[in-house]
Structure formats: structure tokens, C-alpha cells
Amino acid sequence: MLTGGPSSTVGVNRGPFLPDVGVVGAGPVGLAIAWRCAQRGLRVVVHDPAPGSGAAHVAAGMLSPVAEAYFGEHELTGLLADSAARWPAFAAELAEAAGTDIGYRTDGTLVVGLTADDLAEARRLWSYQQGLGLPITPLRPSALRDREPALAPRVRGGAVAPGDHQVDPRRLVAALRTAAERAGAALRAGEIARLSDVDARVTVVAAGCGAAALTGLPVRPVKGQVLRLRAPGRGAPGFRHVVRGYADGESIYLVPRDSGEVVVGATVEERADTDVIAGAVLRLLRAAVDLVPELAEYDLVEASAGLRPGTPDNAPIIGPLPGRPGVLVATGHHRHGIVLTPVTADLVTELIVTGRPDQLLAPFSPDRFIPEKERRWN
């Protein structure tokens, strides 16, 4: 089914009721795949007991191929850059299709260090990023404050990544659901306990942490606690760039929204609960106010926790599931689910329609986690 042209997927023995594609998971990735498939004329059903309630509901929505480029993740960095380059057209098309604003902003990102030690840590990473040819430019403290006067005078220095943008994930999910339904996809608010419960010619597992139970792949929950603040009087925040950095050793990000909201995050914990812990709130608020002092006067309107779908190598799992013909997976995006939404949707849809995997998928195939003897047996 996934080895020929379009006819091998949807053109042979196409019954009147059987969907062409069943997507498990109505987060950004699952909904974007559903939208793209429906645009190609496929009959799509999306299964999720609570659409939009997963990791994306807590996510900050940073589109950061540069600031998120870490040591030893060269292939992932390439995928991040590819997807980020698709975001401007993707955002414009989605806003038009859904008839709504998704909070896409292109102000850029500042990466800063509060102390000398913080700055040394930040500089070590952006030097690596510069070595990859990524667009990040160091700035002196005076140049940083020219760009963002709200930064604390104590900030020792930083850099600007102008191509690192942002989107509002909650608006994104709502828009993707609208666009997918307008294109003809159907949503079913039901739990999928087994892959055999999906009645479709092709099944796409985009269920985040839930993919582990469905596929046996090593997708684990990585807890993140996040705060949402609101500017006094519901006005715009006093800064416009995304601010990422280090404050006395605490890694922090601050994401300003046009609505007056500021997202502050996030912890990274190898835990599977979604409890909000006082100590985490304290650390996040202290670091946030150390970098942007005016945040001390903002309202604290929400403290929440979500579970990122992590993998052993921190890279997503995208492609055919070994031993299960007609099943694809698109999960394990960890910190990068929002930025990787466009490229994941495009690559999975093209694979469904043509049966030919794009070369970009090779490093992220599920079979990298399947023992060789099992691959041979399958």
C-alpha cells in the first residue's frame, strides 16, 4: 500500500465508507496531517477523546531552529531549519483556510545571560550554532537593551536570532481543526486502545506519549511546567522579542503575546505526572523577573504542566511502523512539536499519497529503535 503511486493508496478497491486515512491524535501534528491529506482528496477521520488537550495546550509555541540547535543533534537541526522555512507560507495558508489569526509573530529571539557564568554558557551554545552557519549574532549589553529596554541592567550580554519566531499553539490547534474539517476531515472524540480499532486503509499514529502503548516504540513522557502571566490592564507586554536565556544557572524562556499574555517556561523533568509544584513556580518566576523586572507586576493567570513525547535520541519518529503494513507514526517530537508541524505533515502526506518516503525522513525512521533481528523477522 505504501510502496506504489497514488493508486496503491486510495485508487484500488475504494469502498464507499472506509476512510482512506485514520489519524490517532488531534494535536498540531495529527490535525495538520489530516488537513493536508483532506486537501489531497483523501477521506480522513481523526480520533481523539479530547482534541487539543495534550502537550500543545501547555506549549509556548517557539519556532526556534537556531536557539534549539543543540550539540550532537545535527540531523534534527536540519529538520528544524527545513520546517521553520515552511512556517511563513504554512501560517498564511492556515490563517486563510481557518479564517482566524494564529498568533504568528516574526519579531525574533534574544538569547541572554544574566551573570558572567550564564553568559559563558549561552556563548558556548551560540558559538556552536554559528559554527553550523545558523543566523545568530552576538550583541553587547547596550545593543541588547536598545532592542529590549525592558531587560534588566544586570544582563551581561547575549545574541539575536532574527529567524526564530513564535506562534500561539492554542490558536494553532483551533485553526487546524477548523481547516481540517472544512477540507472534509471528520473528528471522532473516542479513545483508541489498539491499532486494530482504527478502521482505515492507512493509520497514522500521532498520539504523542500515547504512541508508546499503541506501537511499542520508546516514547516517554517528559514533564514541563509552564506559567502564564498577563500584563497589567490587559495591555501589550513591555517587550516584543522572545527572550531565552540563563539566570543564575536557571534556563528560562519568556514569550510575549499580542493579547498581553507572557508564557514563562519551562521545567524539563523525567516524570509522568502533571502536578504543578510550588518550587518550580518559584524558580521560573525568580528567573523571569531577574531577566525582565517588570514581570513582577504582571498577573499570574495560569500554572500548568504537560508531557512532551520524548525519545532516546531526542528526535522525532516519523515513517512506517515495521511489521505493521499500512501504519505510519508521527510522534516523539519532544520540545519541537510546534516548529516541526509543517514538515511532518507534508512528509507524511506525501508518503501516504505516493508511497515514496522523502530522504529527509531517513534519520527519523521508526526502525532505528527496532532490533535488527526483529526487522529481519518482520
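Guide: Two strands count as paired if DSSP finds at least two bridges between them, and strands are DSSP E runs of at least two residues, numbered from the N terminus. This is a predicted model, where local features need pLDDT of at least 70, side-chain atom pairs count only at pLDDT 80 or more, and totals for chains, interfaces and linings use all residues. Residues are numbered from 1 along each chain as its sequence is written, and side-chain values use heavy atoms, leaving out hydrogens and water.

Visitor: What makes S4 and S11 a pair?

Guide: S4 (residues 109-113) and S11 (residues 242-247) share five bridges, in the parallel sense. Pairing asks for at least two, so they qualify. Val111, for one, has Arg244 in S11 as its bridge partner. Both strands sit in an open sheet of eight, ordered S5-S6-S4-S11-S12-S13-S10-S14, with mixed pairing.

Visitor: Why are S5 and S14 called edge strands?

Guide: Strand S5 (137-139) and strand S14 (299-310) each pair on one side only.

Visitor: How do you know which residues of H3 meet H6?

Guide: Contact means heavy atoms within 4.5 Å. In H3, Trp87, Phe90, Leu94, Ala97 and Ala98 meet residues of H6, including Leu172, Ala175 and Arg182. By class, this contact has nine nonpolar, one polar and one charged residues.

Visitor: What makes Asp168 a lining residue of the largest cavity?

Guide: A cavity is a set of points on a 1 Å grid over the protein atoms alone where a 1.4 Å probe fits but cannot get out, and lining residues have an atom within 4 Å of a point. Asp168 is listed in that lining, so it has such an atom. Gly103, Arg105 and Ser259 are among the others there.

Methods:
Helices (H or I, at least four residues) and strands (E, at least two) are DSSP runs, numbered from the N terminus. Ala, Val, Leu, Ile, Met, Phe, Trp, Tyr, Cys and Pro count as nonpolar, Asp, Glu, Lys and Arg as charged, and the others, Gly among them, as polar. On a 1 Å grid over the protein atoms alone, a cavity is a set of points where a 1.4 Å probe fits but cannot get out, and a pocket is an open set with protein on both sides within 12 Å along at least five of seven lines; lining residues have an atom within 4 Å of a point.
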